[in-house]
Amino acid sequence: MMDIHKILEKLPHRYPFLLVDRVLELELNKRIRALKNVSINEPYFQGHFPHRPVMPGVLMLEALAQAAALLAFESTGDGVDENMVIYFVGIDGARFKRPVEPGDQLILDVTLDRVKSGIYKFTAQGLVDGELAVSAELMCTKRKVS
């Protein structure tokens with residue numbers, strides 16, 4: 001539904017911090033299902049951990065947050081703009097259920113729960129082979145900066 005070129009138009013993130021490779025499904029103002037291909041070439045695997053590479057939990061959450069930002073930007077028609085950013089403002093109930101390793105495809109499944117006073121609230125989960133790897137409630141806000 002959205003390839004890497006369209007993602008780059010919508011998100012300000014760039015290598016090595018862009019953590020969404022493709023959008024598989026998108027329902028405006030409702031949900032997004034995206035994909036992160038986890039490769040041994042990721043720079044963080046050099047130190048986390050050299051003997052047993054595991055994707056850091058904070059980066060799994062960041063991937064979910066980037067998918068949430070894509071949903072928010074796409075739903076409002078906004079995109080990369082030097083005057084508009086989405087800030088990650090909160091996380092609740094983060095849980096890690098299985099390690100994510102090189103060769104895995106992390107499916108990012110994010111649902112928009114509500115928008116109130118400019119704060120977007122999402123329910124998010126990351127799955128590998130249909131098995132829950134990470135879940136959390138995420139909050140973000142869009143802001144114009146000058």
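Me: Where does Pro16 lie?

Reply: Pro16 lies in the loop between α1 (4-10) and β1, where helices (H or I, at least four residues) and strands (E, at least two) are DSSP runs numbered from the N terminus. This is a predicted model, in which local features need pLDDT of at least 70 and side-chain atom pairs count only at pLDDT 80 or more, while totals for chains, interfaces and linings use all residues. Residues are numbered from 1 along each chain as its sequence is written, and side-chain values use heavy atoms, with hydrogens and water left out.

Me: OK, and what is the peptide bond from Tyr15 to Pro16?

Reply: The bond from Tyr15 to Pro16 is cis, with omega near 5 degrees. A cis peptide bond also joins His48 and Phe49, with omega about -10 degrees, and Phe49 is found in the loop between β2 and α2 (57-76). For background, most peptide bonds are trans, and most residues other than glycine have a negative phi.

Me: Switching topic, in which sense do β1 and β2 pair?

Reply: Strand β1 (residues 22-27) and strand β2 (residues 31-37) pair in the antiparallel sense over five bridges, and two strands count as paired if DSSP finds at least two bridges between them. Arg22 stands opposite Leu35 in β2. The two strands form a hairpin with three residues between them, and Asn29 in the turn has a positive phi of about 60 degrees.

Me: What about Ser117, is it buried or exposed?

Reply: Ser117 counts as exposed because its relative accessibility is 72%; buried means under 20% relative accessible area, exposed over 50%, and partly exposed in between (1.4 Å probe, protein chains only). Ser117 lies in the loop between β4 (105-116) and β5 (119-128), and its phi is positive, near 55 degrees.

Me: And where is Asp129?

Reply: Asp129 lies in the loop between β5 and β6 (131-144). Asp129 has a positive phi of about 50 degrees although it is not a glycine, and at 76% relative accessibility Asp129 counts as exposed.

Me: Last topic: how many residues are in the largest nonpolar core?

Reply: The largest nonpolar core has 42 residues, and Met55, Leu106 and Phe122 have the most contacts inside it. Such a core is a set of buried Ala, Val, Leu, Ile, Met, Phe, Trp, Tyr and Cys residues joined through side-chain atoms within 4.5 Å.

Me: Which element gives the most to this core?

Reply: That is α2, with 13 residues.
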